[in-house]
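Please look through the structure below before reading on. The paragraphs that follow take it strand by strand, then helix by helix, and end with the core.

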Amino acid sequence: MNALFASAELFAELQRRGWFPAWLALLLAAVAVVAVGALYVFEAGGLGVVRRLLLAGVRVAVVLVVAFLLLRPTWVREDSAQRRRPVAVLIDVSQSMDQKDPRPAPEDHWRAALAFDLIEPNKPLPTAPPEKEERPSRFAVARAALTNPRLDLLNRLKAIGPLEVSTFGTTRSGGKDGNDLEWLKAQTPDQPRTALIASALELLNRDDNDLPAAVVVVTDGRENGGSKTFAELAERFRDRKVPLHVYGVGSSSFGQLRLRDASVPESVFQDDIVTVPVRYAVKGVAAGKVDIVVKFGDREVAAKRDIPVREGDDIREQLSFVPTQEDAAARRQEVTVTVTVRPDGPGARDPLTDTVTKPAQIITKKLQVLVVEGLPRKDFQFLMRALQRDRRVDARFFLTEGDRDAMRLGEPWLAEFTQQVNGTLALEREPFRKLINAYDLLIIGDIPGAFFTPDQQQVIKEFVTEGGGLIHIAGKVHAPHEWLSAETGRHTIADVLPVEAVPVKFPPRPPGGRYYQPFVPALAPSAIRSPLVALEDIPTDNAMLWDRTARTEAAEPPERASQTKQLQPMEWYYPVTRLKPGAEAFLVHPTQRTPGPDDRPLPLLAGHYYGKGYVLFSAFDDTWKWRFNEADRYFGRFWSQCVYQAGVPRAAGTKLTQVSLDTLEPVQGRTGQVYARVLDENFKALTADEVSATLERVGGGEDDKDARTPVKLQKLSGQDGEYVAPLTFSRAGRYKLHVSPGNRSPATLEYRVTLPPDHEQAPGSLAEAEMAKLAAESGSIERPGRFYREEDLHRLPDDVKAQFATFTKREEVVLWNRWPLFLLIGLLSVEWFLRKFSGLS
């Protein structure tokens, strides 16, 4: 039957839906027609030819209608047409869109004004700087532009095709039709990641006829939510012939400043030159000037102004000042460093500023230092010269194995120590006490254990307890092993040392020419920020000077290690068994460890408070090697810092509480530890199990949950006075840790938590170049993609070209409906009437 219908154009769209076979229906219809004809030919009665033909025709029509109904025919009509493809709008609602950009350039202020309908679009931006306005967030600017009645972007895009509006951050969501502006106004930029590429690619997961005609992306260009690149995204859109139109939101003149560090000594000397190395980073400022100002208390003491700006992650400047008597009397004993970047350009504004404040106490007198050595070791020779040249130090010297007649001549020698009997100093307790107490610091080298009598050693112990400093430089011949020997009876000087050791004798000449394999001391983890072992102003540079096998997080990447200088190696050290409770290791051996059960890196330079005084122990005597090609750059700095560390407590007072972090630059999302070293009011190591502290977020409001957080520092096992607590760097910003151990000497540690470079909230400018390239590469000559700023937005709807999708409209008309049934009933009724009228049954 279908073949029959297809033979004529009239029936080309006629189809059957019945289950009854067409051939059988035709056969039955033919048989029925023949049977009807025969019936009425042989019909009895006196019927005329016309009436017989009429009755036969009605009966044949009934049969044909029944056959028609059995075939259930349907009239099908298909028409081809075109419809407009939709226009997709993707709006970035990630956290980076919540940033309030600095807008130092006038055009960026005018762009925001245009978005907020304060100036007329389709006009050049004014060149005169506008009045100062509050900084709007990026999302506020984008939302204002999309709802600006004079730009009328969404309505104009609707004229091109059905509008699909979505937001994206971690994922794409929304799918609004563009008519609900209230929905758009209610959106907030709170998504923690930006999956721009994944969200855009999701729009391509459609049939060709359902693809958008174009995709309009409203974003600042940050992408941190996937592994694909902008080049891959542009290629996919170009292959599918869907151009990207990108509206870039953010400041084109965005500038970023971060004051990374300003190294300020904790103690400085009046009338002495103080050098403050400053490190800062600048991004996004092509031209301008930098001002660096240093204040002591409220007084400006140094400044560098109008430095040409340059971009970089580690820009360095040095400023110097001389503390005066006025500074020494200032109530605020602290140094404040402020860096300000002033961008260039007509009408430029919004300078960038960052500040750091560090404590610094002024010492108003010279340190009085006494150095007692056995033989004139090389370290002693160079140390003597360094101390004599140091204007902050007034030093006297004595050699127990030296020429007594020469030393009796006086300065720089201490003539009183020439009074000896059989190699022992012949001074009574009181004269010795008065002599020793005239000094702030006592440096003892490799002297015989019997040089000081037991009473004199007790006086030295009392000297340290009352605030005097002591540095012991270990030697191979006498000290400290003779103080530790049972033959000397009481071990007074050994009692004040920060380490425990056993007597070890070294031969005059080492076997094989060396005592140990050459080594460079390594920084102890807790000493990364300690000024005592800072031989370079930049912490990363300083870390690279020391041993690299015990690399700390401050060190440079391994691939750069070969380009960085390192200290000359040593070949000898005095082995110790452990640190005493409350002592701190500054330098450790890179490979050797203390005996078990302590089993820790072997201390080479250690210190602690003993009473009010500070004691340093140096297990090596080869620092003179650091002068190789460097003169006193490292040697002189190291020993001057040791002298100040140990000698200043007597001149400026003892710090009972010291706090430090184990990391140079805390980064959000990581963890660290805070260390505290605490003495009680009697200058003994604190024995409490824990110390209370408060962590304050600087600038946090009353409703800020991180404004004040309690912290508990727990005592390290077996180490009185040593406390530690973990810190979670969960939020970027400035923090102050206030430690109050109840010893009437609270301490404060300031630090800053920075964001990782790829973090959503890390400061960063609009990725203008990347977005412009993405838009350009996504399109074709016929349908180019474009990048827009606010002044170009009026052109965006005109640049989006409509695309059409061809579709087929199929219309089916069922022919076996009620009308054929009515016809069948009618025919049967007519036949019945005619037969009754003709007198037939």
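Strand β11 (residues 288-296) pairs with β14 in the antiparallel sense over nine bridges; two strands count as paired if DSSP finds at least two bridges between them. Strands (E, at least two residues) and helices (H or I, at least four) are DSSP runs, numbered from the N terminus. This is a predicted model, in which local features need pLDDT of at least 70 and side-chain atom pairs count only at pLDDT 80 or more, while totals for chains, interfaces and linings use all residues. Residues are numbered from 1 along each chain as its sequence is written, and side-chain values use heavy atoms, leaving out hydrogens and water.

Within β14, Thr336 is the bridge partner of Lys295. Strand β14 also runs antiparallel to strand β15 (residues 352-359), joined to it by eight bridges. Here Val337 has Val356 in β15 as its bridge partner. Buried means under 20% relative accessible area, exposed over 50%, and partly exposed in between (1.4 Å probe, protein chains only).

Strands β31 (residues 690-697) and β32 (residues 708-715) are antiparallel and pair over seven bridges. Val711 in β32 is the bridge partner of Ala693.

Next come two helices. Where α13 (residues 429-436) meets α14 (residues 454-465), the residues from α13 are Arg429, Phe432, Arg433 and Ile436; contact means heavy atoms within 4.5 Å. Their partners in α14 include Asp455, Val459 and Phe463.

The last topic is the core. A nonpolar core is a set of buried Ala, Val, Leu, Ile, Met, Phe, Trp, Tyr and Cys residues joined through side-chain atoms within 4.5 Å. Which residues touch the most other members of the largest one? Of its 99 residues, these are Val369, Leu387, Phe417 and Phe452. Helix α19 (residues 632-652) gives the largest share of this core, nine residues. Not counting residues up to four places away in sequence, Val369 touches Leu387, Tyr439 and Val643, among others. A second, separate core has 36 residues, including Ile91 and Ile160. In soluble globular proteins, nonpolar side chains tend to be buried together.
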